[in-house]
Amino acid sequence: MEKIAKKQSGQQKFLRDLGKVGVTITACGLIFAGAAMAYFTANGTAENVFTIYGGNNGETLDIRIDEPDWDPDADHTVLPGTELKKNPMITNTEGVDAYALMKVTIPQGTVGGTANSPLFALNQLNTGTDKQEWTSQGSWTEDGKKIEVYSYNSTIAKDESTAPLFASVSFSPLLTNAEVNALDSSLSIDIEAFSVQKDNIADAAAALALSGWVKNV
């Protein structure tokens, strides 16, 4: 009986020891499982700082139409054939180099028996001179008026001006008494200017497309 008891005791000790080994193996298994998921990781960011031209209420682009030879206080009463000095140009008053475009609206009427004719002529138009500083971009009739669009052949920097588009205007000498009597007592030639930055704009044609005038050309 003593031997049997010792044997049983030895078996129990073995089983107890086996249990310890089993626990130890299990614990090692958990350690290796945890190590298998320990990837190398890292985070990074890049901050790209841009300076915004015109930001914080800075200057961007602004223009002004100048007519040095036009006297707004003078008597502008005209007769057929009357010529008045009028030399519109565009001045870049603020900001970046820019393209410049000008739109001229001329009243029309019956002249020498021909209906829908311009009542005024633009003299010394700066497209046919040796310098050719302006280029015609087209013309059309709208609401009984002739519209002409021109682009400047150079860009203008801050505080620079274009050359004048023309030098003077003339009331048509072909108007008859009856044709003059049929006109309103007050007529106007309207000048509009448009400008857009030079950078990232391919050429004057692209600038014209941005003006909103091109739909009529």
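L101 lies in strand β4, which spans residues 98-111 (strands are DSSP runs of E with at least two residues, numbered from the N terminus). The model is predicted, so local features need pLDDT of at least 70 and side-chain atom pairs count only at pLDDT 80 or more, while totals for chains, interfaces and linings use all residues. Residues are numbered from 1 along each chain as its sequence is written, and side-chain values use heavy atoms, with hydrogens and water left out.

**L101 and its surroundings**

- L101 has a relative accessible area of 1%, so the residue is buried (under 20% relative accessible area; over 50% is exposed and in between is partly exposed, with a 1.4 Å probe and protein chains only).
- Not counting residues up to four places away in sequence, L101 touches several residues, including I90, W134, F194 and W213 (contact means heavy atoms within 4.5 Å).
- The C-alpha atoms of L101 and V149 are 7.3 Å apart, although 48 residues separate the two along the chain.

**Nonpolar cores**

- The largest nonpolar core holds 23 residues, and V104, L119, L122, W134, L165 and F166 have the most contacts inside it (a core is a set of buried Ala, Val, Leu, Ile, Met, Phe, Trp, Tyr and Cys residues joined through side-chain atoms within 4.5 Å).
- Two or more residues of this core come from each of β4, β6 (120-123), β8 (145-152) and β9 (168-171).
- β4 gives the largest share, five residues.
- A second, separate core has 11 residues, among them W140, V149, I201 and A207.
- In soluble globular proteins, nonpolar side chains tend to be buried together.

**Aromatic rings**

- There are three aromatic pairs in the structure (ring centres of Phe, Tyr and Trp, the last by its six-membered ring, lie within 6.5 Å; planes under 30 degrees apart are stacked, over 60 edge-to-face and the rest tilted).
- The F120 and F171 rings form a tilted pair, because their planes are at 45°, with centres 5.1 Å apart.
- F120 is in strand β6 and F171 in strand β9, 51 residues apart, and the pair links distant parts of the chain.
- F120 is buried at 12% relative accessibility, and F171 is buried at 5%.

**The three-stranded sheet**

- An open sheet runs in the order β2-β9-β6 with antiparallel pairing (two strands pair if DSSP finds at least two bridges between them).
- β2 (83-85) and β6 are at the edges with a single partner strand each, so one side of each has no neighbour in the sheet.
- β2 and β9 pair over three bridges, and E83 stands opposite S170 in β9.

Notes
Helices (H or I, at least four residues) and strands (E, at least two) are DSSP runs, numbered from the N terminus.
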